[in-house]
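Please look through the structure shown here before reading on. The report is written for a careful first look.

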Amino acid sequence: MAQHRKALWEADLDEDLQDVDLNLAIGSYGQNGLYEDGASLRGQLGDTLVELPEGAAQPRIDEATLLAVQQQMAQQAAFAQIPDVVKRFIAHFHQAVLENNLAEITVAYESGWNRLTEKFYAKTEWPEAEVIAPLVNDDPIFLILYRELYYRHVYSRLSPDIDDRFHSYENSCELFNYLLNSDGPVPLELPEQWLWDIIDEFIYQFQSFCVWRSKVKSKTEEELGMLADANQVWSSYSVLNVLYSLIQKSKINEHLVALQEGKSAEEIAEIVGEYGTRPLYKLLGYFSLIGLLRVHSLLGDFTLALKVMENVELNQKSPFTRVTACHVTTYYYVGFCYIMLRRYPDAIRAFVSILNFILRMRQYHTRSYQYDQINKTADRMYALFAICNALSPTRVDDNISNIVKERYGEQFAKMSRGEEGIPAFEELFLYACPKFISANPPPYDDPEVLSTYINDPPVEPAQRHLSLFLSEVRAQAPVPTLRSFLKLYTSLDANKLAGFLDADEEEMVQQLMVMKQASRSVSRVENEKGLLDGQMISTSDLDFVINENMVHIAESTVGRRYAGWFIRNTEHAQRVLDTLRVAPLPVPQRPAPQPVEAAKEGATAAPRQGGQKVAWGSVKAA
């Protein structure tokens with residue numbers, strides 16, 4: 001039966017669900033004709049409310065009953081407006097969730113939902129959960145999952161109002177309470193992509209609410225009153241509590257440690273217990289680790305953000321690589337945390353790894369419904385890579401370097417000029433950094449303090465982090481100029497160098513110390529376990545020592561990577577050859593026909609004298 005329904009479902013997607021036997025698509029719902037006609041639904045649901053025996057007196061209806069009747073009639077009218085193809089989709093989606101059929105759920109989630117959104121709901125909301133409830137027999141779990149998709153659509157395609165923000169929080173609480181507070185593991189299976197999207201969207205809606213909440217001046221009186229009464233809605237504590245609870249319930253850290261220690265599957269199952277052995281909880285716990293990395297980064301605690309990832313290995317075999325959006329998000333936030341901790345070599349290594357992956361998988365990404373989001377994140381990582389390479393110059397992959405120069409060549413050139421490049425650093429940082437949030441809301445519950453807050457608002461989180469970052473950039477501002485002079489010499493008198501810099505000797509020594517400090521950084525080495533672990537290394541190809549009044553310079557050169565150069569040029573030559581092979585041959589030009597009169601004159605003309613015809617057809621002069 002499931003296989004038969006799956007074939008019908010795929011046919012629905014290709015043919016816009018036009019030719020499906022409705023009773024078969026609905027399955028065993030026991031509501032014949034429910035989806036064929038809105039009038040039949042009104043007859044089934046509304047008879048007991050609106051029909052009275054003939055001659056009976058009209059009873060008085062209290063206000064609550066009248067409101068309930070009006071609400072039900074409105075829902076019936078809304079139900080009648082739902083296209084039949086959408087009704088069939090929801091009924092089929094529900095049946096797949098009931099049966100834990102991951103194949104059908106995946107097709108419905110990744111393909112069906114998005115295609116129907118583009119066709120029917122590109123600029124409007126999907127039907128509310130209460131409207132489609134009769135299609136799913138009022139299944140509370142499916143309605144929670146449906147609302148999760150509903151509010152995600154509102155946030156991504158439309159503009160959520162304050163009711164949407166509050167209700168999406170309530171729905172998230174219902175979902176996580178069901179998962180965490182049930183008696184034993186819940187009998188639910190969802191695809192990996194959906195589980196990641198649940199965690200990702202939960203954090204995104206929290207971030208969006210915090211940014212919206214911080215803009216006090218744009219709030220109406222009603223919104224101010226609602227925010228004053230709901231301090232705990234989308235609070236940092238509640239979001240962190242959900243993520244840490246999922247990690248503890250799944251025992252994902254213990255699972256990862258056991259895997260690294262090489263324990264058997266039976267030993268791991270004994271360690272993690274009944275929750276940790278279920279794919280639903282294991283993946284939610286794992287994705288919650290990535291979620292904590294993101295939340296702590298948004299709150300500005302970059303050390304703790306990397307600390308929670310200490311058991312996650314950054315390699316191509318990690319579970320997060322199976323979901324491309326999770327893979328990209330992980331490397332983006334890890335790389336950004338390294339930038340804020342002044343560990344530029346580690347940040348460069350993270351960005352090069354994920355950007356090469358995106359380049360290799362570009363053709364696959366075009367088929368993903370998250371293609372645009374992946375591209376935007378990649379573009380921000382190119383900007384962050386340009387910042388890192390300006391602060392810690394190093395020879396890296398030519399493909400990445402060429403793309404960075406193509407997109408941010410102007411800013412990159414400015415960033416190499418010391419103080420002159422600070423505006424370029426600021427521009428790229430504000431473009432590429434996350435949307436930082438404040439952990440504490442404005443004092444909506446105290447009008448007097450709120451008025452003071454409005455008149456003297458605190459510094460925006462992004463501006464605060466920008467000022468911290470630019471302080472490091474300004475400290476390193478003399479380095480590019482000093483480096484350009486030192487590269488010209490193997491030894492140099494200190495007084496002469498000070499003259500080049502238009503500075504006295506003491507100031508010159510300070511600049512040399514700044515350069516020495518900038519050329520050293522903590523960096524991860526091979527076999528390091530945690531993302532915070534590392535050793536102090538030299539990050540520059542230029543080193544120097546000061547001996548009495550002389551500066552001795554040593555420069556290490558890196559040989560050209562001929563293998564990569566030959567591979568790129570071979571690929572280019574192959575592309576040129578393939579282009580020539582498929583190009584059509586040029587059409588030979590036919591000689592223009594001569595007029596008849598001219599041909600006759602040519603026939604009677606005397607032959608040319610005084611020359612001998614040679615091999616290539618011309619006449620040899622006598």
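The paragraphs that follow describe salt bridges, cysteines and pockets.

This is a predicted model, in which local features need pLDDT of at least 70 and side-chain atom pairs count only at pLDDT 80 or more, while totals for chains, interfaces and linings use all residues. Residues are numbered from 1 along each chain as its sequence is written, and side-chain values use heavy atoms, with hydrogens and water left out.

**Salt bridges**

The structure holds 15 salt bridges, a salt bridge being a side-chain nitrogen of Lys or Arg within 4 Å of a carboxyl oxygen of Asp or Glu. Three of them are set out below, including one between Arg152 and Asp197.

| Pair | Closest N and O atoms |
|---|---|
| Arg278 and Glu189 | 3.3 Å |
| Glu472 and Arg342 | 2.7 Å |

Arg152 lies in helix 8 and Asp197 in helix 10, so this pair ties together parts that are 45 residues apart in sequence; helices here are DSSP runs (H or I, at least four residues) numbered from the N terminus. Both Arg152 and Asp197 are buried, where buried means under 20% relative accessible area, exposed over 50%, and partly exposed in between (1.4 Å probe, protein chains only). Glu148 is linked with Arg152 and Asp197 in a network of salt bridges.

**Cysteines**

The structure holds zero disulfides, a disulfide being a pair of cysteine sulfur atoms within 2.5 Å. Cys326 is buried, with a relative accessible area of 0%, and Cys337 is buried with a relative accessible area of 0%.

About 1600 Å³ of space lies in the largest pocket. A pocket is found on a 1 Å grid over the protein atoms alone, as an open set of points where a 1.4 Å probe fits, with protein on both sides within 12 Å along at least five of seven lines, and its lining residues have an atom within 4 Å of a point. Of the 38 residues that line the largest pocket, Ser156, Asp200, Glu201, Tyr204 and Gln373 are the closest to its centre, and helix 10 gives the largest share of the lining, eight residues.

The second largest pocket has a volume of about 870 Å³. Domain 1 (323-475) and domain 2 (478-558), whose bounds come from an automatic or database domain assignment, both give residues to its lining, so the second largest pocket lies between them.

Methods
Points joined across faces, edges and corners; volume = space filled by probe spheres on them. Helix = DSSP H or I, 4+ residues; strand = E, 2+ residues; numbered from the N terminus.
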